[in-house]
Amino acid sequence: MKKTASLALIAGVTTIALAACSSPAANEEGDSRDVSVQLYNPPSTFSPLIPQVGGNELIQSLHWDSLLAVNDEGQLAPRLADSWEVSDDGLVWTFDLQDDLVWSDGEPFTADDVVFTFNLYANPASGSAVAGKLSTVEGFDDVPETGSASGFTAPDDDTFVMTLTAPNTAKPLELVAPTLFILPEHIYGELPVEGLGENTVFREPEVGIGPYLFTEWTTDDQVEFAANPEYRSELELDRIFAKFLPTDVAQAQLETGEIDFAQVAAADAERISGLEGVTLHNVGGAGIMALHNAFDAGKLADDRVRQAIMYAIDRESIVQEVIGGYGEVVDTLIHGPEWAVPDDLTNYDYDPEKARELLAEADWDASTEVRLEIVPGPKDREQALTIIAAQLQEVGMNAVVQQYDNAALSEAIGARDFDLLISGYGLFNVDPSAMNGILLCDNGALSAYCDPALDELLLAGVAESDQDVRADIYADAQRIFNERLPIFPLYVPDTLAATTDRLQGFTLNPLPTSAFWNADEWSIG
């Protein structure tokens, strides 16, 4: 078997951070052992089954835990699993779990919890947003009827095995974006599977296995956590308060010391770096900021219209003006490693005249409203969308910015009723197999784009181990993406955040939704 306990993988994405206000609690010495962190958009649930937004995934990362995670160096690192390995034929993945772990109520954590959770993820009836990622697991088609897949097994309490029907030498990549958190079977196993993801029990979970446990919603968008007394290592904090704060407010509260961690807009990076008692953190991006369309809705399905949108946007100016040069323009999802990116892709340089010509060829109706959707919070996204709307209007598109809250956004996604939703995410510069999770027909991803020819290439890519052969396969896949634009790539932003000197042990993760990846190592200095 080939050992892969630390697959290299870098995940960068949009700048994101977390923060909240708290009323500091004092320990016996009278010193506060509480910290406050910013959430870049409002949280609403601890359910890992439904489509994830940053605020939810961030609070879940404190209360729950996963088999593996992305660390600050962009590598897959152990969490509940000590190590993992794949068979020579690429069909069997074995995860060795940490010994003697317990849930916060003292019940043992075992491989049965992992099998239970992955069956929920594979079951569309649960409301799972990631069932498509598990479609090549043996017995997947039986899940709707039996509730379980034969490919998920627990040979013993400390071993979880995933058996596939098609080789996949990069399967762990699909477990971290979004993170597939593990749930306690003894708590959720008695609940109806139908609609479980939306069950209100996930609003206030009572049992967890992460370093800090949900305590209460102090407001609709602020959550209090307390140290988990059963956690596998000693914790140095008593409480963490996580609260949604817009970028400007968060940065202001960082300066006053009201919060300890905040997202930093690129335009403010230099000023923040000069503040006394504040440290600016910067790591190169590996994810992407992009616009997402409900391809299956048909409004923007014409390739010429999609190409026109790309030509209409001055992405280089947005990188310079909105994110202060902390990023780079790209024309496809996969921007690394070098062997995975062909050199003959179309560069969609700013060309409004070309955009007008393409819209005319497509007989575009200028009265058709095109919504640019956003969940308010990150300042750079809001600024970018305002600029993009104006540039689309310039070439004859009736573009308008529309704001959502999380609930409205989830409803729009479910109804397949969105035009150009801005979002940042991804693990796109280490292995091109990162395309599979969002472009395979069976994965039911946000865009709902489906191309059998692209599917064939992507499945061949994960089944192949020879890098030269993989390079040819993914070059063809990249060319399809670059022409059809199922997702509109804007730029790769650096990840920027800041902490007060009071918060010690913090290390910036290139994957924004993993910003709390080492919260168990935080302390007060």
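Biologist: How many disulfides does a search of the whole structure find?

Modeller: The search of the whole structure finds one disulfide, and since everything here rests on a predicted model, the geometry we discuss is that of the prediction. The bond is formed by Cys441 and Cys450, with their sulfur atoms 2.0 Å apart, and the link of Cys441 and Cys450 is right-handed, with 100° about the S-S bond.

Biologist: Are Cys441 and Cys450 buried, exposed or partly exposed?

Modeller: Cys441 counts as partly exposed because its relative accessibility is 24%, and Cys450 is likewise partly exposed, with a relative accessible area of 45%.

Biologist: Let us turn to strands. Which way do the residues of strand S8 point?

Modeller: The general idea is that in a regular strand the side chains alternate between the two faces of the sheet. In S8, Thr159, Val161 and Thr163 point one way, while Phe160 and Met162 point the other way, and all of them are buried. Strand S8, residues 159-163, is accordingly described as mostly covered, with five of its five residues buried.

Biologist: Which strands pair with S8, and in what sense?

Modeller: Strands of a sheet pair through backbone hydrogen bonds, either parallel or antiparallel. Strand S6, residues 92-97, pairs with S8 in the antiparallel sense over five bridges, and within S8 it is Thr159 that stands opposite Asp96. Strand S7, residues 152-156, also runs antiparallel to S8 and is joined to S8 by three bridges; Phe152 has Met162 in S8 as its bridge partner, and S7 and S8 form a hairpin with two residues between them.

Biologist: How should I read a helix with a buried side, and where are the buried residues of helix H9?

Modeller: An α-helix has 3.6 residues a turn, so residues three or four places apart point the same way. In helix H9, residues 352-361, the residues Pro352, Ala355, Leu358 and Leu359 are buried. They lie on the same side of H9 because they cover an arc of only 120° around the axis. What covers the buried residues of H9 includes helix H7 (303-312) and helix H10 (379-394).

Biologist: In what order do the strands of the six-stranded open sheet lie?

Modeller: The order is S15-S19-S14-S18-S16-S17, and the pairing in this open sheet is mixed. Strand S15 (327-329) and strand S17 (398-403) are the edge strands, each pairing on one side only, and from one strand to the next the twist averages 30°. Within the sheet, strand S14 (residues 288-292) and strand S18 (residues 420-425) run antiparallel and are joined by five bridges, with Ala290 standing opposite Ser423 in S18. Helix H7 packs on the sheet, where H7 touches S18 and strand S19 (487-493), and the direction of H7 makes about 25° with that of S19.

Biologist: Finally, what should I look for in the backbone angles?

Modeller: Most residues other than glycine have a negative phi, and most peptide bonds are trans. In this model, a cis peptide bond joins Gly336 and Pro337, with omega about -10°, and Pro337 has its place in the loop between S15 and H9. Asp363, which follows H9, has a positive phi near 55°.

Biologist: Asp100 and Leu485 also have a positive phi; where is each found, and is each buried or exposed?

Modeller: Asp100, with phi near 60°, is found in the loop between S6 and H2, and Asp100 counts as exposed because its relative accessibility is 75%. Leu485, with phi near 55°, is found in the loop between helix H14 (467-484) and S19, and Leu485 counts as buried because its relative accessibility is 0%.

How values were computed
Residues are numbered from 1 along each chain as its sequence is written. This is a predicted model: local features need pLDDT of at least 70, side-chain atom pairs count only at pLDDT 80 or more; totals for chains, interfaces and linings use all residues. Side-chain values use heavy atoms; hydrogens and water are left out. Buried means under 20% relative accessible area, exposed over 50%, partly exposed in between (1.4 Å probe, protein chains only). Helices (H or I, at least four residues) and strands (E, at least two) are DSSP runs, numbered from the N terminus. Two strands pair if DSSP finds at least two bridges between them. The arc is that of the directions from the helix axis to the C-beta atoms. Contact means heavy atoms within 4.5 Å. Axes are lines fitted to C-alpha atoms, for helices over the stretch in contact, and angles run from 0 to 180 degrees between N-to-C directions. A disulfide is a pair of cysteine sulfur atoms within 2.5 Å.
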